Amino acid sequence: KTLIGVKSNLKTEVNAQQKTLLGESDWCVIRKADKGTAIPSNIQTWRDAIRTKGDAMVSAIDGAADTDAVEALFVVYEDDGKTVKSGILYDWPTLDE
């Protein structure tokens, strides 16, 4: 039962982070709806990538069979602090300017 609670909390956190990230560019979506101004392609691509990555994170959480599998989901970086060595959680795409 503890694993279920952990997984539920992780999915809630992923969804909250996704909402926050998408919120940064919601103004483009509102502007498109209000004035018909196109969403810049880099922003649309990034928004799509955020959704795809969020879905992948939730699927990975759902698929984790035990505590060790959940632990393995967390991102581990190489010594350079930038290169992801393993894991998926919270490694969100960045917006290309």
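**Figure 1. Y90 in the segment after β2.** Y90 counts as partly exposed because its relative accessibility is 23% in this predicted model. The residue is found in the segment that follows β2, the strand of residues 84-86. The backbone of Y90 has a phi near 70°. That value is positive, and Y90 is a residue other than glycine.

**Figure 2. The salt bridge between D91 and K53.** The side chains of D91 and K53 meet in a salt bridge, with a distance of 3.7 Å from N to O. D91 lies in the segment after β2 and K53 in helix α3, so the pair ties together parts that are 38 residues apart in sequence. D91 has a relative accessibility of 23% and therefore counts as partly exposed. K53 also counts as partly exposed, because its relative accessibility is 21% and the cut-off for buried is under 20%.

**Figure 3. The salt bridge between D26 and R47.** D26 forms a salt bridge with R47, and the closest N and O atoms of the pair are 3.1 Å apart. D26 is partly exposed, with a relative accessible area of 31%. R47, in contrast, counts as buried, at 6% relative accessibility. The count of salt bridges in the model comes to four, and the pair of D26 and R47 is one of them.

**Figure 4. The salt bridge between R51 and D48 within helix α3.** The closest N and O atoms of R51 and D48 are 3.7 Å apart, and the two residues form a salt bridge. R51 and D48 are separated by about one helical turn, because they are three residues apart in helix α3. R51 counts as partly exposed at 34% relative accessibility. D48 is partly exposed too, with a relative accessible area of 38%.

Figure 5. V29 lies in helix α2, which spans residues 26-35. With a relative accessibility of 33%, V29 counts as partly exposed. Leaving aside residues up to four places away in sequence, V29 touches I39 and R47. V29 and I39 are ten residues apart in sequence, and their C-alpha atoms are 6.6 Å apart in space. The other residue touched, R47, is the salt-bridge partner of D26.

**Figure 6. K7, a buried lysine without a salt bridge.** K7 lies in helix α1, which is made of residues 2-23. K7 is buried yet has no salt bridge. Side chains of opposite charge can pair when their charged atoms come close. For K7, the nearest side chain of opposite charge is that of D62, at 5.5 Å. A salt bridge requires a separation within 4 Å, so D62 at 5.5 Å does not qualify as a partner. The side chain of K7 does reach the backbone oxygen of I61, at 3.5 Å. Not counting residues up to four places away in sequence, K7 touches I61, D62, A64 and V70.

Key:
Residues are numbered from 1 along each chain as its sequence is written. This is a predicted model: local features need pLDDT of at least 70, side-chain atom pairs count only at pLDDT 80 or more; totals for chains, interfaces and linings use all residues. Side-chain values use heavy atoms; hydrogens and water are left out. Helices (H or I, at least four residues) and strands (E, at least two) are DSSP runs, numbered from the N terminus. Buried means under 20% relative accessible area, exposed over 50%, partly exposed in between (1.4 Å probe, protein chains only). Lys and Arg count as positive and Asp and Glu as negative; His and the chain ends are not counted. A polar contact is a pair of N or O atoms within 3.5 Å; within protein, one must be able to donate a hydrogen and the other to accept it, and residues adjacent in sequence count only if both atoms are side-chain atoms. Contact means heavy atoms within 4.5 Å.
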